[in-house]
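This briefing accompanies the sequence and structure shown below. It is arranged by topic for reading beside the model.

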Amino acid sequence: MAINSDQDIVTARQKGRALAMELGFSTGDATLIATSISELARNIVSYARRGEITLKIVQASSRQGISIIASDSGPGIRDIRQAMRDGFSTSGSLGLGLPGVRRLMDDFEIASEPGRGTMVTVKKWKL
Amino acid sequence: MKTDTQRKTKLPSTFEEEYRSAFGECAQRGGEAALSRAYDLGRRAISEKKSLMEIASLHHQALHGMLADAQGAARHQELLAAAAEFLAETLSPYEMAHRGVQDAIVALRQLNETLEEEIKRIAYAVHDEAGQLLVAVHLALADVARELPKPQKEQVGRIEELLNQVEKQLRRYSHELRPTVLDDLGWIPAIRFLAQGVSKRANLSIQIKTTVVGRLPGPIEIALYRIVQEALTNAAKHSKASRVRIRIGRKNRLFCCSIEDDGVGFDVRAVQSEGKRRGLGLIGMQERLNGIGGTLSIDSARGRGTRLLIQLPADVLHGHPHRAGR
């Protein structure tokens, strides 16, 4: 789904939470999933203005999980290592932003090309 | 045309007003939009440095008001469920930040260990490698001197004298960086050795009194040595003190080490919050002690000298390290 306004963020959160509950995640985990969606969407809106969030159910051998893909064709990130370092964003606190999302979720992948855009893929597995 | 005053709803400004308003919306209509607001509020709370206690109290008051106004057990149940969701959402940014801080602490401890290894390596390089080079220089000078007439021979002799001093100093620095005494005889002899050096260089009288003997587990000895080293460096650099007293002993079930100077003192809070070298030094001491289960209290004020008190549970003396690293 497209992300370019606060309303879109709300919709993405709602769908993410509903999917998480459907898969049997705890309410607490569903909250953390919604939080990750907010952080990723916030990144899209503030750095690329518009982008997309895709939610998927993922399956691996015996477990099920949820995957969130946040992509945009914005300016991209020149130095990913720096972007993943705590306290480097404008968030004003240690541990928010992308590094925060990495800690809330189980899997985290980021790909970015300056001038082409950014794609962040995160997964949370059901225990 | 609309003007600001014609708008019916003026946006709430303070965090507290905004919290009550969003919480009210959540309780009335529920829905993701209200939860999304809760999340934004959590982030705002972090940037405004609200404590979790403040949020808990604000939440409790708001909920209390709503429950008092609501009719019927079913509505109360609804309100409680909405309140739980709303609070969890507000706190989720704190959860993120908390996990970040936990990771940072682990990283800091690992960094400390890496630094300790690095210091060992440098101390070795200064002592052994530089020492060997100096020996080579001595031999080369002796070769040169053999061919020279007497007055120049004497000049070379003076150069050799200076080289001897360089060697002595290097040896001294190397030992202070990572004293072999620390490994061989323990942290108290190591501190005595360090104090001698600092005392000479900074023209400071340093008195050490101890009522404990015996060795502590390795990581604890290293931590204590580093903390006393930092304290002595501070005393020599900043305090303008003329005397330092170090007392080491046991008190009930606590093992105590105090370092006291008669210098100019400092404003503890200001220095700790300024994040400069000295503030970081104090935080570093505290962090090292946390790593071995100890605490540090700092007592100082402008014009009153400084007293650092290190306390550890006494069972570490018998080699039962409490959460000792590694």
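**Confidence and conventions**

In this predicted model, chain B has an average pLDDT of 86, and 91% of its residues score at least 70; pLDDT is the predictor's confidence in each residue, from 0 to 100. The model scores ipTM 0.86 and pTM 0.67. Residues are numbered from 1 along each chain as its sequence is written, while chains are lettered from A and ligands numbered from 1 in the order in which they are written. Because the model is predicted, local features need pLDDT of at least 70 and side-chain atom pairs count only at pLDDT 80 or more, whereas totals for chains, interfaces and linings use all residues.

- Residues 1-7 of chain B have pLDDT below 50, and this stretch has one contact in the model beyond near neighbours in sequence; two residues are in contact if their C-beta atoms, placed from the backbone, lie within 7 Å.
- Residues 320-326 of chain B also have pLDDT below 50, but this stretch has 20 contacts beyond near neighbours in sequence.
- Where pLDDT is low, the predicted coordinates should not be read in detail.

**Chain A: fold**

- Chain A contains four helices and five strands; helices (H or I, at least four residues) and strands (E, at least two) are DSSP runs, numbered from the N terminus.
- Along the sequence, the pattern of chain A is β-α-α-β-β-α-α-β-β.
- In chain A, 40% of the 127 residues count as buried; a residue is buried if 20 or more other C-beta atoms lie within 10 Å of its own, exposed if 12 or fewer, and partly exposed in between, with C-beta atoms placed from the backbone.
- Of the contacts in chain A with a separation of 6 or more, 60% are between residues 24 or more positions apart.

- Five strands of chain A form an open sheet in the order β1-β2-β3-β5-β4, with antiparallel pairing; two strands pair if DSSP finds at least two bridges between them.
- β1 (2-3) and β4 (107-113) of chain A stand at the edges with a single partner strand each, so one side of each has no neighbour in the sheet.
- Strands β3 (residues 63-72) and β5 (residues 117-125) of chain A run antiparallel and are joined by eight bridges; Ile66(A) stands opposite Lys124(A) in β5(A).
- Helix α2 (residues 27-48) of chain A has 22 residues and should span 32 Å at 1.5 Å a residue, which agrees with the 31 Å between its end C-alpha atoms; the expected span is 1.5 Å times one less than the number of residues.

**Chain B: fold**

- Chain B has 10 helices and five strands, and 24% of its 326 residues count as buried.
- Among contacts in chain B between residues at least 6 apart in sequence, 67% join residues at least 24 apart.

**Nonpolar cores**

- The largest nonpolar core has 47 residues, and those that touch the most other members are Ile33(A), Ile37(A), Leu40(A), Ala41(A), Ile53(A), Cys26(B) and Ala38(B); such a core is a set of buried Ala, Val, Leu, Ile, Met, Phe, Trp, Tyr and Cys residues joined through C-beta atoms within 7 Å.
- Another core, of 33 residues, lies apart from it and includes Ala190(B), Ala195(B), Ile220(B) and Ala241(B).

**Contact between the chains**

- The contact takes 21 residues from chain A and 19 residues from chain B.
- On the side of chain B that touches chain A, α4(B) gives the largest share, 11 residues.
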